[in-house]
Amino acid sequence: MTDLDLLMALIAREWKCDETRYPELAGMTIPQKRNFLLKHSVLHITKTNGKLATICEDFDHNGELTNDDEMQLQVIAVKMFINALKLAEGVEMSPRALLARAPNYVQ
């Protein structure tokens with residue numbers, strides 16, 4: 001198992017998207033559950049983007065980043081990575097598939 005496999009397994013275990021955590025999933029069809037989980041991923045990604053936008057917008061006004069901003073940027077980078085892995089889980093992409101496909105989008 002790679003480090004990425006272990007990280008995705010940890011994220012899946014710690015942030016389960018099941019009927020215990022999200023009772024509204026009960027009674028949904030599989031496509032409805034998938035749609036709910038994808039929309040929930042979008043909300044987390046949007047929330048993290050908003051935090052990034054706040055720092056960038058503040059920089060536009062005062063022309064500098066504080067030490068706290070720099071620390072928050074690192075937190076945001078980690079959360080975006082986690083959000084991407086959670087989204088990959090939601091669309092049934094394995095770590096191996098992510099690693100295989102990522103170089104195709106770098107060019």
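**A chat about the helices**

Modeller: Happy to! Let's start with α3: its buried residues pack against α1, α2 and α4. Keep in mind that this is a predicted model.

Biologist: Which residues of α3 are the buried ones?

Modeller: They are Asp69, Ile76, Asn83, Leu85, Lys86 and Ala88.

Biologist: And how far does α3 reach?

Modeller: From its first C-alpha to its last, α3 spans 35 Å with 24 residues. That is close to the 34 Å expected at 1.5 Å a residue.

Biologist: Which residues of α2 are buried, and what do they pack against?

Modeller: Phe36, His40, Ser41, Thr48 and Ile55 are the buried residues of α2. They pack against α3.

Biologist: What follows α2?

Modeller: Gly63 does, and its phi is positive, near 70 degrees.

Biologist: Switching topic: which residues make up the largest nonpolar core?

Modeller: There are 5 residues in all: Leu4, Met8, Ile11, Leu85 and Ala88. α1 and α3 each supply at least two residues of this core, and α1 gives the most, with 3 residues.

Biologist: Let's zoom in on Leu85. What is Leu85 in contact with?

Modeller: If we leave aside neighbours within four places in sequence, Leu85 is in contact with Leu4, Leu7, Met8, Ile11 and Leu98.

Biologist: Nice. Now Ala12, where does that one lie?

Modeller: Ala12 lies in helix α1, which covers residues 3-14.

Biologist: Is Ala12 buried, exposed or partly exposed, and why?

Modeller: Ala12 counts as partly exposed because its relative accessibility is 24%. Buried would need a value under 20%, and exposed one over 50%.

Biologist: What about pockets? How much space lies in the largest one?

Modeller: About 600 Å³. It is lined by 23 residues, and the closest to its centre are Trp15, Cys17, Ser41, His44 and Lys86.

Biologist: Which helix gives the largest share of that lining?

Modeller: α2 does, with 10 residues.

Biologist: How many of the lining residues are nonpolar, polar or charged?

Modeller: The lining of the largest pocket has 10 charged, 7 nonpolar and 6 polar residues.

Biologist: One last topic. What is the phi of Glu92?

Modeller: Glu92 has a positive phi of about 60 degrees, although it is not a glycine.

Biologist: Why point that out?

Modeller: Because most residues other than glycine have a negative phi.

Biologist: Got it. Where is Glu92, and is it buried or exposed?

Modeller: Glu92 sits in the loop between α3 (67-90) and α4 (95-101). Glu92 counts as exposed because its relative accessibility is 73%.

Definitions and conventions
Residues are numbered from 1 along each chain as its sequence is written. This is a predicted model: local features need pLDDT of at least 70, side-chain atom pairs count only at pLDDT 80 or more; totals for chains, interfaces and linings use all residues. Side-chain values use heavy atoms; hydrogens and water are left out. Helices (H or I, at least four residues) and strands (E, at least two) are DSSP runs, numbered from the N terminus. Buried means under 20% relative accessible area, exposed over 50%, partly exposed in between (1.4 Å probe, protein chains only). On a 1 Å grid over the protein atoms alone, a cavity is a set of points where a 1.4 Å probe fits but cannot get out, and a pocket is an open set with protein on both sides within 12 Å along at least five of seven lines; lining residues have an atom within 4 Å of a point. Grid points are joined across faces, edges and corners, and a volume is the space filled by probe spheres set on the points. Ala, Val, Leu, Ile, Met, Phe, Trp, Tyr, Cys and Pro count as nonpolar, Asp, Glu, Lys and Arg as charged, and the others, Gly among them, as polar. The expected span of a helix is 1.5 Å times one less than its number of residues. Contact means heavy atoms within 4.5 Å. A nonpolar core is a set of buried Ala, Val, Leu, Ile, Met, Phe, Trp, Tyr and Cys residues joined through side-chain atoms within 4.5 Å.
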